[in-house]
Amino acid sequence: MPIICSGNLEKNLRSGGLAGSTGDWKGADFLNSIQDIWNMVLDKMRSELYETTINTWFDEVTPVALEGDTLVLHCGNDFKRSTIEDRFVGNIAASMKDIFSTDFTIRLLSDAALQAYQQAEPAEKKPKNLFESDEFTFQNFVVGPSNKLAFAAAKAVAAQPAEHYNPLFIYGDSGLGKTHLIYSIAHEIRQQRPAAKIVYIKGDDFINEFIEAVRGGRNQDFRVKYREADLLLVDDIQFVAGKEETQNEFFHTFNTLYESRRQIVLTSDRPPQEMSRLDDRLRTRFEWGLLVDVQPPDLETRIAIVKNKAAQLGLILSPDVVDYIAKNVTSNVRLLEGTVKKIKAYRDLLGSELDAESVDRAIHDMLRRDNEFIPSPDTIISEICKYYRIDEAAIRGQQRDRTIVRGRQVAMYLIRRMSNYSYKDIGKEFGDRDHTTVMHSIEQVEQRMKKDSAFAETVRDITTNINAKK
């Protein structure tokens, strides 16, 4: 029966000495069995109890599961179970605390309770993370020439974490499968090593979490979370570039994990050498392992992706419809899969036949011949507010704070560039500002981008985040 590991237990696996304070993955293998943990508990109790006591009262006890901060045991003998509950639960809990450095609740099940527990178990065990579900796995990833190397590298990392490619750095445009690959790595490792501490975070969320930790005086908790991970996955790591304190924190986190031989996997929209604001210390470390890119899929791969997604959704598409989708959605895997989902919804809601004509009607807004994503002004403004950490009402209002003005100008620039709104329409988004004000703001951004490479990269980062909303 698998171990379910959560809460304080995950925070203290390392501090309790498990999985090797050296970070040796092989040292974590014993945690794959709940029986191994129970054997350790019995060994601990032998230092406090006589061997005859252990043999008399625990010979009919079997471990069931480690569920969060609860050790679940079974004893079919009512008399022994009652005696253990009255006299020895404290010894078991103390032994668990010695092993994991956290408090545990001990739960003893009778035969009837065990049967009820096992019947209820599937409904109770819901995945907490996307990588714990069966959606993002290596089996569901469609491999083609554009991603073959990245797929092989991800498989190798999942098979032998921290042995060959550490860090693994996957880069490429949004929507090409980078996140699917790192979820697959986590899923595979979780299957093989249930007790492994896996941490996934997006680059911009890492920044925000670090800032909040500093403000709240929770620096140590923040460091424990990331520096004691067995597997650290960071999506869109490019966002830490230019953030001096965040880069310094991540530098030390990286060193701690790397030196203790724990796996790091990073994704980005560009290789490290193209991050002009990235600290040189981080750039060299990102290049220590293996850099692999993912490119837009070719036609054969796009056809395979459409078929694969349709099969997952229980949708039968004719070859003509598959070809039609694959030839019209050419650069983005996420959009390909979204297209198939929309077709299924169209069929389910309207009961229409799925020929090329009905497909075109169903997804005409998604089938742009140049695959251009046109975000709404609300989407652009929301992402800029998140990046600059300013309020949306402020950016649309009249405040003249320097950061707010800068965010407002960038918003106007990106709305014009990405949506092709008229100057007048853009002005309406910001309190009916005059079109000349909008033009001036856009010119200010364009001029500064030419002179200031760091600012230009900031605009590029925000654009990447907006495109990730496809």
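The buried residues of helix H7 are Ala150, Phe151, Ala153, Ala154, Val157 and Ala158. Buried means under 20% relative accessible area, exposed over 50%, and partly exposed in between, with a 1.4 Å probe and protein chains only. Seen down the axis of H7, the buried residues fall within an arc of 165°, so they line one face of the helix. The arc is taken from the directions that run from the helix axis to the C-beta atoms. On the other side of H7, Lys148, Leu149 and Ala159 are exposed.

This is a predicted model, in which local features need pLDDT of at least 70 and side-chain atom pairs count only at pLDDT 80 or more, while totals for chains, interfaces and linings use all residues. Residues are numbered from 1 along each chain as its sequence is written, and side-chain values use heavy atoms, leaving out hydrogens and water.

H7 has 12 residues and reaches 17 Å from first C-alpha to last, close to the 16 Å expected at 1.5 Å a residue. The expected span is 1.5 Å times one less than the number of residues. Helices (H or I, at least four residues) and strands (E, at least two) are DSSP runs, numbered from the N terminus.

The buried residues of H7 pack against E4, helix H8 (178-192), E7 and E8. Contact means heavy atoms within 4.5 Å.

What order do the strands of the open sheet take? The 5 strands run E5-E6-E7-E4-E8, with parallel pairing. Strands E5 (198-202) and E8 (290-293) are the edges, each pairing on one side only. The twist averages 15° from one strand to the next. H7 (residues 148-159) packs on this sheet, and its direction makes about 140° with that of E8. Axes are lines fitted to C-alpha atoms, for helices over the stretch in contact, and angles run from 0 to 180 degrees between N-to-C directions.

Two strands pair if DSSP finds at least two bridges between them.

| Pair | Sense | Bridges |
|---|---|---|
| E4 (residues 168-171) and E8 | parallel | 4 bridges |
| E1 (residues 61-67) and E2 | antiparallel | 6 bridges |
| E2 and E3 (residues 105-109) | parallel | 5 bridges |

Tyr171 stands opposite Asp293 in E8. His74 in E2 is the bridge partner of Thr62, and Leu109 in E3 is the bridge partner of His74. In E2 (residues 70-75), 5 of the 6 residues are buried, so this strand is largely enclosed by the rest of the structure.

The protein chain holds 22 helices and 8 strands. Of its 470 residues, 50% count as buried.
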